[in-house]
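Welcome to my notebook. I am going through this structure one topic at a time.

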Amino acid sequence: MFRLNTAEQVLIENHQFSRMVIDQASLRILNWNIAKNNHRHEWLQDFSKLVEWYPPDLIFLQEFRFDSTLKKPFYCDAMSWQFAPNMSNPYTDQHFGVLTASKVKHQSGKSFLTHACEPFLNTPKVSLITEYSLAGSKQTLLAVNIHGINFVSTRKFQSQLQQLEAQLTIHPGPIILSGDFNTWNEYRMKVLQTMVRRLDLRQVTFSSAHYKNLKQFFDYPLDHIFYRGFTQCLGSEIVLGELSSSDHSPLVVELMLH
């Protein structure tokens, strides 16, 4: 693989939206680290089931694979999307990163590569901020998709969060912050929790039956969804441990706009 130049912002996007603005009272959110498996038949079957069972309004995917061999890089009708890579191979035209999709047209998007790189592949991690219009409001929704940097010091992990916090601090409207944070120890969790408190974000909570299906290391979950300007619809939160096409389970929740 080849690392991307951290001075460059790379975005690949598609405009196939069904609505111009968010005009419904609630949003169903899907978050999933798909382990680069979106070209595999098993994953495609699981994803088809998922969008049929729990039709999402907003999708956050990490470790998404994008290349020219895929006839349709993202298999969901009437959804626009933005893809931000953190790894690319120009010889095979393969790119890997995070993808955010919505039924609503995105206003803007911006990607952030970490200053530090992970060992072995010497690649950064990427975060993506996508902005959506809200009906009847001058405010906008920021949808933040993050894949936390791994195998580095807590200080370097904190630096990635600070990149995002600088953007989110100046946003007055609703926020959804979702992804695979790689929070596999208490120090990383404390850094994350401190930031979300400063931003006045709340965390999606899961019942014990669903919590046990979360991807965990050392009893710390890696995947999280945080929000501001919403109320969690109790009983809507699900972690689908029965889907096995990735080593992470999909997270689904419905959030009600204030």
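Is Phe 120 buried or exposed? I looked it up: Phe 120 counts as exposed because its relative accessibility is 79% (buried is under 20% relative accessible area, exposed over 50%, partly exposed in between, with a 1.4 Å probe and protein chains only).

A note on sources: this is a predicted model, where local features need pLDDT of at least 70 and side-chain atom pairs count only at pLDDT 80 or more, while totals for chains, interfaces and linings use all residues. Residues are numbered from 1 along each chain as its sequence is written, and side-chain values use heavy atoms, leaving out hydrogens and water.

Next I checked where Phe 120 sits, and found it in the loop between β7 (106–113) and β8 (126–133). Strands here are DSSP runs of E with at least two residues, numbered from the N terminus.

I then turned to the sheet. Six strands make an open, mixed sheet in the order β7-β8-β9-β10-β14-β11 (two strands pair if DSSP finds at least two bridges between them). β7 and β11 (202–203) are at the edges with a single partner strand each, so one side of each has no neighbour in the sheet. I also saw that β8 and β9 (residues 140–147) run antiparallel, joined by seven bridges. Ser 127 has Ile 146 in β9 as its bridge partner.

My last stop was Ser 236, in the loop between β15 (230–232) and β16 (238–239). Ser 236 counts as buried because its relative accessibility is 16%. Beyond neighbours within four places in sequence, Ser 236 is in contact (heavy atoms within 4.5 Å) with Val 252, Val 253 and Glu 254.

Notes. Helix = DSSP H or I, 4+ residues; strand = E, 2+ residues; numbered from the N terminus.
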